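User: I'd like to learn how to read a sheet and its strands. Can you walk me through one?

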Amino acid sequence: MPTLAPYKASEDVYVLPSYLRVPDVAVPGFGLLVVNSYLIKGREPILIDTGMPIVKEEFLETLWSLIDPQDLNWILLTHDDGDHTGALIEVLEAAPQARVVTQFVGMARLETAHHLPVDRFEIRNPGDTLTISGRELAVLRPPLFDSPATSAYFDVKSGVLFSADSFGAIIPELAENVGDVPKSAYDEGFSIFNRLNHPWFHLVDQGKFEESIERVRRLQPTAIGSCHSPLATGTQVETHLKALAALPAQGALDLPDQAALEGILAQMQVNGD
Ligand SMILES: [Fe+2]
Ligand SMILES: [Fe+2]
């Protein structure tokens, strides 16, 4: 199944990765969409997102190999999409201390799929700050998002920005760091993912869009931990901010059509998939 060994993003921040093979819309063939959750260890451990439903069992096995369920205090949701909330109910059942942080509309949207223990929810909105055992996490709306309930979280201690879907990329091969992916393939996969997943991107006022990117820049993140990309660290942070700002000028993406689907199916037959 598409799960991978966890790895460290910083001293006490772990990436819990999995991935999906996805059709590449630019060239015939397939790319990889990584789906990351994160665990911040500390006096009050924090889980950010709960993986994809199709790898629920594997996700839980990985998570509980890193932490005792009794010790987990917080689940911060970047948003309510299925690939971020796959094991939410199971984690809540196993971890009786854990409380869920999301926006009100995120909780409401989750209620269409789950019977939620709403008394275990904490509503936090962009602009709020969470202080967890002295550790500050700023809540912000990332520059691009595909759910009205999207919150990115900036962890002041580690400097990691957990950016939800924003800054994701379709990549040709698995990697833990953006620098391990061939640059031209990464740049193309970044452009396609962000334009496809956030189809309103080309309608933005460029100046206001860049203001939202500037708000991220002012945080001076040491790393961008997207839920859909390897880690971007060091100078890659600025490269990502600039790459996002350049998207509106690229214009709307031609959406894959029925012919694209048939091409993919034919390709799968050739490959014996
Ligand atoms: Fe999403
Ligand atoms: Fe996502």
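User: In what order do the six strands of the open sheet come?

Analyst: Strands of a sheet pair through backbone hydrogen bonds, either parallel or antiparallel. In this predicted model, the order is β8-β9-β10-β11-β13-β14, with mixed pairing. Since β8 (129-132) and β14 (232-233) are the edges, each has a single partner strand, so one side of each lacks a neighbour in the sheet. Strands here are DSSP runs of E, at least two residues, and helices are runs of H or I, at least four, numbered from the N terminus; two strands pair if DSSP finds at least two bridges between them.

User: How is residue numbering set, and what confidence applies?

Analyst: Residues count from 1 along each chain as its sequence is written, while chains are lettered from A and ligands numbered from 1 in the order in which they are written. As the model is predicted, local features need pLDDT of at least 70 and side-chain atom pairs count only at pLDDT 80 or more, whereas totals for chains, interfaces and linings use all residues.

User: Which strands pair with β10, and in what sense?

Analyst: β9 (residues 135-140) pairs with β10 over four bridges, antiparallel, and Ala138 has Phe154 as its bridge partner. β10 and β11 are also antiparallel, over two bridges, with Phe154 partnering Leu161. Four residues separate β10 and β11 in a hairpin, and Gly159 in the turn has a positive phi of about 80°.

User: Which strand runs parallel to β11?

Analyst: That's β13 (residues 223-225), joined to β11 (residues 160-162) by three bridges; Leu161 partners Ile224 there.
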